[in-house]
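Biologist: Before I plan around this protein, could we go through the model together, one question at a time?

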Amino acid sequence: MKEFDPGDKAASIVSVTDRVSPVAIGMPVTSVHFLGERACFVGAEESVAMVSGDGEVTPVAVHSGGILCAASDGTRIVMGGDDGKLVALGATGEVALLATDPKRRWIDNVALHPDAAVAWSAGKTAFVRSGRAEEKSFDAPSTVGGLAFAPKGLRLAIAHYNGATLWFPNMAANAEVLEWAGSHLGVVFSPDNKFLVTAMHEPAMHGWRLADNRHMRMSGYPGRVRSMSWSAGGKALATSGADTVIMWPFASKDGPMGKEPAMLAPLQARVAVVACHPKRDILAAGYSDGTVLMVRLNDGAEILVRKNGDAPVSALAWDAKGTMLAFAAEDGDAGLLAL
């Protein structure tokens with residue numbers, strides 16, 4: 001594949017930059033999520049900017065300080081802040097307080113389950129509130145680094161120092177600990193419920209095949225992996241952290257064990273955030289130099305969505321139908337692309 005040259009990237013591949021609708025967010029953006037047809041840009045402090053299809057921006061105050069984490073199921077965005085509060089933002093802009101930490105600790109991780117359960121963490125403690133509003137807690141061996149619900153059943157993965165814990169909040173059985181030395185942060189289940197993968201504080205990832213807890217070492221990154229996204233059908237896991245999008249294969253029963261990952265869309269900049277299309281073998285990648293590309297997985301073909309700018313890309317998301325792509329940079333420069 002042709003190596004990136006800032007002078008000719010736009011000329012060497014198809015560009016749709018003229019079809020992007022710019023959006024003035026006016027604040028640093030940490031993530032973006034779609035609620036119906038509205039793109040919701042989560043700010044680093046206090047508020048979310050809800051953007052309609054015609055570009056109208058409506059700011060909504062959600063926290064009294066920093067917004068530390070956010071997750072969405074398409075009907076609401078649940079966020080935790082340094083004000084010790086867990087809040088939910090609905091599709092029409094309503095804000096609901098879900099929980100307040102009794103010690104006013106920071107709420108630094110959140111996860112949502114399809115049956116309306118929500119999980120969050122403060123310090124070493126993970127909390128789960130089921131759809132029936134029953135709340136339970138679990139103390140991890142160290143500060144919680146990440147949370148993820150399994151796609152089947154009410155099982156929560158809790159990433160922490162030296163591994164991850166699998167906890168069934170509704171069962172009396174002891175939690176299962178998956179060990180691997182180091183600090184584990186982001187965590188995801190594979191869509192088929194067969195694998196668990198964590199991003200580590202060091203430039204590496206680690207995984208376990210859940211049938212036998214066999215280890216999957218996923219290393220070779222020059223930087224930390226801060227963004228992960230499953231391709232349509234869960235056949236591959238796209239990751240940031242290198243100057244290409246690293247795609248780990250998960251189509252076989254062994255996952256990536258003994259296999260080399262694919263490397264797509266190389267630039268002379270580091271991949272900062274990835275977002276796979278919900279239905280097709282396409283992904284969007286945002287880079288540390290502000291570039292946004294769409295990439296076809298089967299042949300690596302690229303489309304330029306945003307030329308390199310002043311700030312790293314910090315947020316990417318597709319709507320549920322895969323007909324709209326939203327992106328934002330750390331400086332608040334954002335855009336919407338209708339496909």
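This is a predicted model: local features need pLDDT of at least 70, side-chain atom pairs count only at pLDDT 80 or more; totals for chains, interfaces and linings use all residues.

Biologist: Which strand holds serine 229, and which residues does serine 229 touch?

Modeller: Serine 229 belongs to strand 20, which covers residues 228-230. Leaving aside residues up to four places away in sequence, serine 229 touches Ala236, Leu237, Ala238, Val274, Ala275 and Cys276.

Biologist: Which backbone atom of cysteine 276 lies 2.9 Å from a polar atom of the serine 229 side chain, and is cysteine 276 buried or exposed?

Modeller: Cysteine 276 has a relative accessibility of 9%, and with the limit for buried set at under 20%, cysteine 276 is buried. The atom lying 2.9 Å from a polar atom of the serine 229 side chain is the backbone nitrogen of cysteine 276.

Biologist: How many disulfides does the structure hold, and how far is the sulfur of cysteine 40 from the closest cysteine sulfur?

Modeller: A disulfide is a covalent bond between the sulfur atoms of two cysteines. The structure holds 0 disulfides. Cysteine 40 is itself buried, at 0% relative accessibility, and its closest cysteine sulfur, that of cysteine 69, is too far away for a bond because the separation is 16 Å.

Biologist: How many bridges join strand 3 to strand 4, and which residue of strand 4 is the bridge partner of serine 31?

Modeller: Strand 3, residues 29-35, is largely enclosed by the rest of the structure, because 6 of its 7 residues are buried. Strand 3 and strand 4, the latter covering residues 38-43, run antiparallel and are joined by 6 bridges. In their hairpin, which has 2 residues between the strands, glycine 36 takes a positive phi near 65°. The bridge partner of serine 31 in strand 4 is valine 42.

Biologist: In the open sheet of 5 strands, what is the strand order, and which strands stand at the edges?

Modeller: The pairing in this open sheet is mixed, and the order is 1-27-26-25-24. Each edge strand has a single partner strand, so one side of each is left without a neighbour in the sheet; these are strand 1 (14-15) and strand 24 (271-276).

Biologist: Which residue of strand 27 stands opposite methionine 294?

Modeller: Strand 26, residues 292-296, pairs with strand 27, residues 302-306, in the antiparallel sense over 4 bridges. The residue of strand 27 opposite methionine 294 is isoleucine 303.

Notes:
Residues are numbered from 1 along each chain as its sequence is written. Side-chain values use heavy atoms; hydrogens and water are left out. A disulfide is a pair of cysteine sulfur atoms within 2.5 Å. Buried means under 20% relative accessible area, exposed over 50%, partly exposed in between (1.4 Å probe, protein chains only). Two strands pair if DSSP finds at least two bridges between them. A polar contact is a pair of N or O atoms within 3.5 Å; within protein, one must be able to donate a hydrogen and the other to accept it, and residues adjacent in sequence count only if both atoms are side-chain atoms. Contact means heavy atoms within 4.5 Å.
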